[in-house]
Amino acid sequence: MIFSSILFIFYFLTTLLLIYFITPKKYKNLVLLIFSLLFYFLGEPKNIIFLILSCIINYYLSYFIVKYQKKKILKKTLLILGLSYNIITLIYFKYTNFLLNNLNNIFNLNLKIINILLPIGISFYTFQAISYLIDVYNNKHDKATNLIEFATYLTLFPQLIAGPIVRFVDIKDDLNKNHITKEDFSLGIKRFIIGLAKKVLLANTLGEFILKLTTKTILSSWLKPISYTLQIYFDFSGYSDMAIGIGLMLGFHFKENFNYPFIANSVTNFWRRWHISLSYWFRDYIYIPLGGNRVNKLKWILNILIVWSLTGLWHGASWNFLIWGVYFGIILIIEKLFLKKYLEKTKVLKYIYTILIVIISFLIFSNENLDTLITEFKNMFFLNKIPFTDNVTNFYLKDYFMLLAIGIISSTPILKTITKKYPNKIFNILEIPILLIIFLISIAFLIDASFNPFLYFRF
Amino acid sequence: MKDKILIISFLIIIYGFAITLIILPKKTISNTENRYLKEFPEFKLTNDYSNSLDTYLLDHFPLRDNFLSLKAYYSYNILRKIENNNLVINKAQIYKMENTNYKSIDNYYDYITKTMSYLNPNNKVSLVLIPDKNYYLDKKDFIKIDYDYIYSKFDNLDINLIDVRNILKSDDYYLTDTHLKQESLEDFIKYLLKNLDITYKDIPYTYHYYENFKGVYYKDIHIKSKLDTLTYLTNPYIDNCKVKYLENSKLDKVYNLDKLDSRDSYEVYLDGASSFIEITNSNSLNDKELVIFRDSFGSSITPLLIPYYSKIIVIDNRYIASKIYLNLIDFNKQDVLFLNSTLLVNQSFTLKK
């Protein structure tokens, strides 16, 4: 089930809110757990078993890690056991066929490809479980009070299948308090509507635009990755907004996952603004344990490349994701070694440089077929003999021009800055009607939708 | 106060629609979209079940038509889009944009040459490619099929290519549908017969009307559009001929009037999607016989050819393969007419070879 569906908004959410609010405080977590499992079950009825197993195994391992706090070897063994379980499960479901395919290709083998259905959200909940085990091991926070509290954390449906990657410490208080304020609930509605509009009105429509650019021209080969960059931003940040919004309606405060990434003045800065919870996860659980930057230069470069290869592979079991990760790794190294100081001296160039790097990165990201990727790349940079434009490209550019303009403006803080700088009564009065109209238009788009995938679901 | 207003309004909307959707009686057909609505899906332990349930809810959502209009309004007026679902309205006529599929055009060419190889050398073979109505739309901001490529493709083929582009005009097509209006086909029939070496005769027709015909584009445009009157013509030749349908043995008339109130009223002509029809006319003006390979455009045209032939075999080349129809017909001296629309030429992979 996805948030941008009639089933979710009008039946799942309404039923949950009704039951959640009439349930006494001490049972609220149980209600949330049941609804989170139901949410997962409606989308993946068979794979729910792996989610439940993950809850039980990780909870009891953390329980024993705390219990045998003073027995260092046993404690470490339990942690390794837990990490192994999570990593092996993830590798099995996500990377088995990728590995088999590559072994077949490299060694000319004929290993049989296994029919494995990737459990939705496994990359997210596995990372949450790993962070929880490591944090409990390092005494960074208390363990969950009981299995229900832990399972509620791990399966919490707003962030279960597409993030943000929430750490136990960030919502432990919310899990205990179960306190919802009018202000939070109202803010939650706002965030939900904005997220829904980002997804339905912008991301989906941009996706349609890309599908319509069917002819090969230089202009269309630029428009496609530009639109895809905007699409994936609105798709994913829209989902995060909806997750944060639903969280607020239920009394949870998730951290922000995006902060206007396209106004970044360097790639380093971009990754502090894009999928923040993932960047910080890799920083805290891979990069720093590897030694971070407190090692010699060669080891430091290697650390960065390891982290970014893993970041790439986390997004999918395909070579283009690995290339995508390494691409960012290399650029970050170049930036940190010497480019950053030159970029800082420029006024506009640093923004153009960053957005170009990002657009090309999403060209790599969106093309699992490497031949297509090379062709698209050549098309962009005049290396193939194709016309600059044609009537199909011109027509759809004109047809979707307003959408592109709205998309570009909405991806920057321009509107936010204007409303903050020039607060006025009219905007204050109109805010609610505008939000409700946006909500109804989003519903209209859902009703007539032929294109409503979530790009980040496959991760 | 502001928070309270937003919370109450939001809750009223989500609970209001949720309850109304449950209470409202469920329709089986959408009149505006001209299609069957989904039934409540039986529970299955599959990943797709929630999608099926969502599709059902989407189909029965309260004020569905108003929401569809809201989307169209937003697309045209806020996003300033030129098209909605690839459709454009110009002077009440709805046009669909179509990109050229060159592979499909080549495939259609191969289909014609292959089919011609099954025929008898005595068959006189003609080809009529009916342009989509967007051919007549003189608008810069519009994407249409490469008509010149299609017609030039058949220039060198040994076939009687009857180019009807200058005979038809956009008014000859229904406003909300792809097809030609039967009552507007007089010039077309005259020109066609002339090119088939048949003498045209001015035969009076009786006109029968069916109001508020909603064509195939109507369901996707979502803004108020003018409806057509569907007209079907009869005369003694059409009334008295014998008609045999391969799939519908109960029907023996040129028109199936039961279809007028169906989802697609255009199916009144020759029962809609019929793969093989045999029409015998003992009172014909000539002794000639005709075999027509056609798509849905042929449905409204064929009845007007009945007076001129003693026998017409109508083959829908989308639904019947050569190995079947070759067992049903002996090709000898008949006239053979390929009567297809450029829409089919551009999507020809559905053809049965």
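The contact between the two chains takes 47 residues from chain B and 52 residues from chain A, where contact means heavy atoms within 4.5 Å. The model is a predicted one, in which local features need pLDDT of at least 70 and side-chain atom pairs count only at pLDDT 80 or more, while totals for chains, interfaces and linings use all residues. Residues are numbered from 1 along each chain as its sequence is written, chains are lettered from A in the order in which they are written, and side-chain values use heavy atoms, with hydrogens and water left out.

The size of an interface is often given as the accessible area lost when the parts come together. Between chain B and chain A the buried area is about 4800 Å², of which carbon and sulfur atoms give 71%; buried area is the accessible area (1.4 Å probe) that two parts lose on being put together, summed over both. On the side of chain B, the residues that lose the most area to chain A are K2(B), L6(B) and F10(B), together 14% of what that side buries.

Four salt bridges are found across the interface of chain B and chain A, a salt bridge being a side-chain nitrogen of Lys or Arg within 4 Å of a carboxyl oxygen of Asp or Glu. A salt bridge joins the side chains of D399(A) and K81(B), at 3.4 Å from N to O. The elements of chain B that give two or more residues to the side touching chain A are α1 (2–23), α2 (49–59) and α3 (64–78); helices are DSSP runs (H or I, at least four residues), numbered from the N terminus. Of these elements, α1(B) gives the most, with 16 residues.

Over all chains, a search of the whole structure finds 88 aromatic pairs. Rings of Phe, Tyr and Trp (its six-membered ring) pair if their centres lie within 6.5 Å; planes under 30 degrees apart count as stacked, over 60 as edge-to-face and the rest as tilted. The rings of Y132(A) and F150(A) have centres 4.5 Å apart and planes at 45°, so this pair is tilted. Y132(A) lies in helix α5 (residues 122–137) of chain A and F150(A) in helix α6 (residues 147–155) of chain A, 18 residues apart. Both Y132(A) and F150(A) are buried, which is to say under 20% relative accessible area (1.4 Å probe, protein chains only), with exposed over 50% and partly exposed in between.

For W271(A) and W324(A), the ring centres are 5.8 Å apart and the planes at 70°, so the pair is edge-to-face. W271(A) counts as buried at 5% relative accessibility, and W324(A) is buried with a relative accessible area of 0%.
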